[in-house]
Amino acid sequence: MAVLPEVVVTVLAMLLLLLDAVLPEHRKSGLTWLALLGFVVAGAFNLYQWGSPAQSAYGGMVGADNFTVFFNTLFLATAILVVLMAPAYLRERALPFGEFYSLLSFAVLGMMFTAASTDLISLFVSIELMVIAVYILAGLARREKRSNEASLKYFLLGAFASAILVYGMSWLYGITGQTNLAKIAGVLKATSLDNPLLLMTIALLAVGVGFKVALVPFHAWTPDAYEGAPTPATAFMSVGPKAAAFAALLRIFISAMGPAQPDYSLLFAILAVLTMTLANVVAIQQNNIKRMLAYSSIAHSGYILVGLAAAQPGAGSDQVAGIPALMFYLFVYTFMTLGAFAIVAYVQAGQVTGESFDDYRALGRRAPMTAIAMTLFMLSLTGVPPLAGFFGKAYLILAAVHSGMAWLAVAMAVNSAISAYYYLRVVVVMYMSDTTERVPLYRSPFIHSMLAVASLATFFVGVFADPFLRFAQGATLGF
Amino acid sequence: MPTNYIGIGLFILVGMGFTGATFAAAALIRPSNPNPIKLEPYECGVPGVGDARDRFHIRYYVLAMLYLVFDLEVVFLYPWAVQYDKLGLFGLMEMLVFVAILLIGYFYAWKKGALDWV
Amino acid sequence: MQSLIWIIPVAPMAAAIINGVLGKKLGKATGAVGILAVAISFVMALYVLAGVMAAGNHEGPLADGPFYQWIVSGAFNVQLGYYIDPLAAVMLIVVTSVSLLVHIYSVGYMANDGSFWRFFCYLPLFTFAMLMLVLANNFLQLFLGWEGVGLCSYLLIGFWYNRKSASDAAMKAFIVNRVGDFGFTIGIILIWLTFGSLSFTTVFDKASTVEVGFLTMITLLLFVGACGKSAQIPLYTWLPDAMEGPTPVSALIHAATMVTAGVYMVARMYPLFIHTPVTLSVVAWVGGITAIFAASIGLVQNDIKRILAYSTVSQLGYMFLALGVVVPVSGIFHLFTHAFFKGLLFLGAGSVIHSVEHAFEHAGVHDDPQNIQNMGGLRRYMPWTAGTFLIACLAISGIFPFAGFWSKDEILTGAFVNGQYALYAIGLVTAMMTAFYMFREYFLVFEGTPRFDTHHVHPHESPWWMVGPLAVLALLSLVAGFAVGAPPEHGLFRNFLDPVFAPVLGAEHPETAFVETLILIGASLLIAVIGIYIAMMMYLRRAWSPQAVSARFPRLYDLLYHKWYLDEIYDAAIVQPTLAFARFLWGFDSGVIDGMVNGVGALIRWLGQGLRRLQTGSVGNYALGMSLGLLVILGSLLLSGTFHG
């Protein structure tokens, strides 16, 4: 059955919702275990499908192939890590467990279907399922003004972007008369691409999805939403929906509009440079660590977009091609970003705010292992070898060079040099400053195991990059 | 190639021109004779009280949303009922799953007190 | 031999991991772990050296292979490997031997430091990274080691992070190095593009087939990287500040090994550099100018370590000069001898600071324990340190028969013989300055009457942990020159390295007439003696007053004392504008874009009252920003037609 992992996650979401309504308050922390179990089972079913021939379901609306297995792995890993990091934070702030996990499951479900969609309609519905759940996640801290603000801003602008997206889809349908992605590609291949309406479509779709991955100038919501949302939700937002939106980008721009690649390649290259440059430079000025990470996440969207700009549909696997580089980077990005946010959640758990750089003073002494993990994440985000982030960037740069956009590679190298400034600032604060404050750090086996997983992944995906790159390459063979 | 854009250009021009022209023509032709009664929202109905952008109690929204859930259910049930013979057992199961999912949502809302009017 | 090479880098890595994880429990035992690991590496390096020597005149690498196949992905193939030839063997010996001595010395120097174990985690880690760099057989591994030593240097400069100046210096070193690394990265990318491979052997084989212009660009970019790491103009400013780190670190990283990585890299890439005369002359001139420039700053500094730092920059300039004027063997020879005598100078300085600091503390004196104006006459208190320091001073000044004489003289002779008279003159003047500032330091620290209160301040000789390494290095500074460097141009060292460079350089090997050699040697000896004589008259005999000299040339003195104001110039020209630009863009994001959006919003409000309801605070602005973005994208797409058409 092609959609077994999705079915598992659906059942999980329902179960969580029901139990949240039924269980007495003091037993709800057990839901953490249920959520973990559900995601792990779904993950097992998902990995089992690797390598099996492509299938489709629901009358060709969704498919299951290596591509979906790759993204499902990413999404379920994200979900598991978020579930592990959440309890400490949620308990400290008296936020509802069941609703958090349930909404998380719905969002993950939307993400999984987004990657699996082979039709414009299912793609749009899946994206909406995902983002609506995330809007609520962002506003989960109902009594906090900032959380409300985050949720509302994200919702209003997200609705706006969705409208643009669906408008673009309708143009695509208008041009080709098809909603099935493969059939659209067939029509586009057969007709002349020299069509101004197609450019209109490209622009609308790029804006619609560009909002979801936070490209400049459609990024304005990101810092506000990331700052206000509860930290585990922020962590999830910066990784899960972003990866899903990139899956949607690939589905739309490669599966369906692959033949029009020469039309949009330069557009995405320019957006990528704009995004990373603005985000990196602005990130330097931030004093709130969540805002800094928000800008960092925008900058990484820019890096990842390089993969799409450098994509050469149909390129052989003997080359360093854009799409595998993009997917590999998403994989790497997931662990290092979730890790960084988990540490923010960890440092915050015992405090009222805990979001400024000053709260990280002397963390190297107060919590040595945590500080080492944070250092690892920051170095990896900077792109220091041999950590995972370095290889992610290296592949993207090589892919850009390969497709003849050396200037893009240079822009990316310059940007990663700029980014060193603010990432290392965290390290400097942790190790090279002192504090008299004695805020007790929260202890939770969940978050510790989560940090261990994330830092080991950040390290080993770098040191043993090869199998993971093969994973990404194997997942793109369908393109 | 530039010829391809002539259509779009014309479209834009005509669109803007038409809008402008109608407004201009209306402004020229219409008699302007405003009086308080004419400016009422409902010229021959209940007199308007207060601002239309008044605040409603949030509970109305919750109820309206719950209503929407069943509205949607009906939207799906009708075509299903019409095509029941063709869809057969599989269709029945699918619809049962759909109704079950909606019921879980309804149950959740009920449990959380969405139906209590305090 | 191949099957055991992996031990060389793995031993210190294991030590770093053990000390990092168990450090708190092990306490002082971390020192033993570090020493043992590096000793193993040293023995293995000797073993490799013996193997290379036994192989005799062997063209190309003696061994080239992987320890570990890292990534195999189509054309992109990366491994961690080794590339053993005489050059690598020499570097292995230098790195492991100095590292071993510094490890031993540090046991004494850091004995009272609370973070002893942390120090002995970083130090083997650095050794590991440096050995990876030296062993590399491909550019990615080279880059990895390159970044690794940079990171360790950052950690060690900021070791005493409670001091603001230390963490600032660490940051500065890292950022300045990033500038160099940026060039280095682009160079590597270009190499991959041009040659389709990152393996040294492949790249070297194909070097002659590539267009010279392209090769020039690549080599210049690589040299930018070398400038960052080896502290050459304009990227040298981080090195003097790096003296904030513990002194053994300065000796190991900022004198003997890491800073020479740039020199090693250029020498390693000589098959590329040799084809590009433009790059070679850039290398020569950057080296020459850095040499004289840094030496001139060293003339007037008062911090015992900063003088040595400028001296290091200057000597590194010498090495690049040698590489630039196509006498690479002499450059590497100087690297070899410099590692010993500069390591010795730093360790000696460390010994002085260690002792004076304690003595000052004990007596409750608050003078700066690193300022040489507060010292004097220390020879009586610490004869071993003084004696070994004197040997190092003689070596760096190029006095016969100490180590520096042989290598420095070869560089100068090489410059002269290859017709680079201007660079020869620069080298000669630098040699005089070097002799002057080194003996100024020696006299002010160890000779004359003490300038501190001898009744209360009682400096002592340092413990044997520290004096032992000093003695070993002094012995090496004494014999390392003539043992392998004599007779000039036909010494053991040259014959050993010839298989590396002779095939690259080709037959052109101008022989020097014996008389000419003698005259050149005489000239460099004379100039060194003059330098020492001036220092003696000014600071030992006090016959010429230094104050009078500086008063005579106030502008020049001021300029030198403030290091040509380069830090200030950089700050004003680069650092401040960058920060201002960042502030500007931030303001741009929150101010101008919002402002623009508001402006457009006002326009639209004016156009249509109905739209006003949409302008609800900032969300509306954001939405409008998105719309504008959409319009711009759409407009540019349509205006440019199709991008490909």
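Chain C has a mean pLDDT of 80, and 88% of its residues reach 70 or more. That is a handy place to begin, as this is a predicted model. Its overall scores are ipTM 0.80 and pTM 0.69.

**Confidence in chain C**

- Helix 12 (residues 261-268) of chain C has the highest confidence in that chain, with a mean of 90, while helix 25 (residues 566-607) of chain C has the lowest, at 59.
- Over residues 607-617 of chain C the pLDDT falls below 50, and this stretch makes seven contacts in the model beyond near neighbours in sequence.
- Where pLDDT is low, predicted coordinates should not be read in detail.

**The three chains**

- Chain A contains 19 helices and two strands, and 66% of its 479 residues count as buried.
- Chain B is built from three helices and zero strands, in the order α-α-α from the N terminus.
- Of the 118 residues in chain B, 0% count as buried.
- Chain C contains 26 helices and two strands, and 56% of its 645 residues count as buried.
- In chain A, 80% of the contacts between residues at least 6 apart in sequence join residues at least 24 apart; for chain C the figure is 80% as well.

**The nonpolar core**

- The largest nonpolar core has 451 residues, and A:Leu137, A:Val306, A:Tyr329, A:Ala342, A:Ala400 and A:Leu408 have the most contacts inside it.
- Helix 13 (residues 322-349) of chain A gives the most to this core, contributing 22 residues.
- A:Val306 sits in helix 12 (residues 289-309) of chain A. A:Val306 counts as buried because 31 other C-beta atoms lie within 10 Å, and 20 or more are enough for that label.
- Setting aside residues up to four places away in sequence, A:Val306 touches A:Ala272, A:Leu396, A:Ala400, A:Leu408 and A:Met412.
- The C-alpha atoms of A:Val306 and A:Gly322 are separated by 7.5 Å, with the two residues 16 apart along the chain.
- A:Leu408 is in contact with A:Ala269, A:Ala272, A:Val273, A:Val306, A:Ala309 and A:Ala400, leaving aside neighbours within four places in sequence.

**A helix with a kink**

- Helix 20 (residues 464-485) of chain C has 22 residues, so at 1.5 Å a residue it should span 32 Å. Its end C-alpha atoms are 31 Å apart, which agrees.
- Helix 20 of chain C also has a kink of about 40°, centred on C:Val479.

**Backbone details in the loops**

- A cis peptide bond, with omega about 5°, joins A:Val216 to A:Pro217. A:Pro217 lies in the loop between helix 8 (196-212) and helix 9 (221-228) of chain A.
- The loop between helix 8 and helix 9 of chain A also holds A:Ala214, which has a positive phi of about 65° although it is not a glycine. A:Ala214 counts as buried because it has 29 other C-beta atoms within 10 Å.
- A:Ala362 has a positive phi too, near 55°, and is a residue other than glycine. A:Ala362 is in the loop between helix 13 and helix 14 (363-366) of chain A, and counts as partly exposed because it has 19 C-beta neighbours inside 10 Å.
- In chain C, the peptide bond from C:Phe400 to C:Pro401 is cis, with omega near 0°. C:Pro401 lies in the loop between helix 17 (383-397) and helix 18 (403-417) of chain C.

Note on methods: Residues numbered from 1 in each chain as written. Chains lettered and ligands numbered in written order. Predicted model: local features only at pLDDT ≥ 70, side-chain atom pairs only at ≥ 80, totals over all residues. Helix = DSSP H or I, 4+ residues; strand = E, 2+ residues; numbered from the N terminus. Buried ≥ 20, exposed ≤ 12 C-beta atoms within 10 Å, placed from the backbone. Expected span 1.5 Å × (residues − 1). Bend = angle between axes of the 7 residues up to and from the residue. Core = buried A, V, L, I, M, F, W, Y, C linked by C-beta atoms within 7 Å. Contact = placed C-beta atoms within 7 Å. pLDDT = per-residue confidence, 0-100.
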